[in-house]
Amino acid sequence: MGPSTATYFACLRHVLEPTLRVGDVVVLDNFPTHKVAGLAKLIAARGARLR
């Protein structure tokens, strides 16, 4: 995981994740940092969906 990917994942973990609720949808495009391993699990664990 490169520096920008690690920063992105940390932001998701500490900023986005706490705000996610069951039924929320997170939309990502094909930007390389959006393909972080574990991202789908992080979102699903909060009851949200990844698109």
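Tutor: The radius of gyration is taken over C-alpha atoms, and the globule rule is 2.2 Å times the number of residues to the power 0.38. Here, a compact globule with 51 residues would have a radius near 10 Å; the chain has 10 Å, so the two agree. Along the principal axes, the C-alpha atoms fill a box of roughly 30 × 20 × 15 Å.

Student: What am I looking at, and how are residues numbered?

Tutor: This is a predicted model: local features need pLDDT of at least 70, side-chain atom pairs count only at pLDDT 80 or more, and totals for chains, interfaces and linings use all residues. Numbering runs from 1 along each chain as its sequence is written, and side-chain values use heavy atoms, without hydrogens and water.

Student: How many helices and strands does the chain have?

Tutor: Both are DSSP runs, numbered from the N terminus: helices are H or I with at least four residues, strands E with at least two. The chain has two helices and two strands. Their order along the sequence is α-β-α-β.

Student: Is T5 buried or exposed?

Tutor: Buried means under 20% relative accessible area, exposed over 50%, partly exposed in between (1.4 Å probe, protein chains only). T5 has a relative accessible area of 17%, so T5 is buried. T5 sits in helix 1 (residues 3-16). Of the chain's 51 residues, 25% are buried.

Student: Which residues is T5 in contact with, leaving aside neighbours within four places in sequence?

Tutor: Contact means heavy atoms within 4.5 Å. T5 is in contact with T33 and V36, beyond those neighbours.
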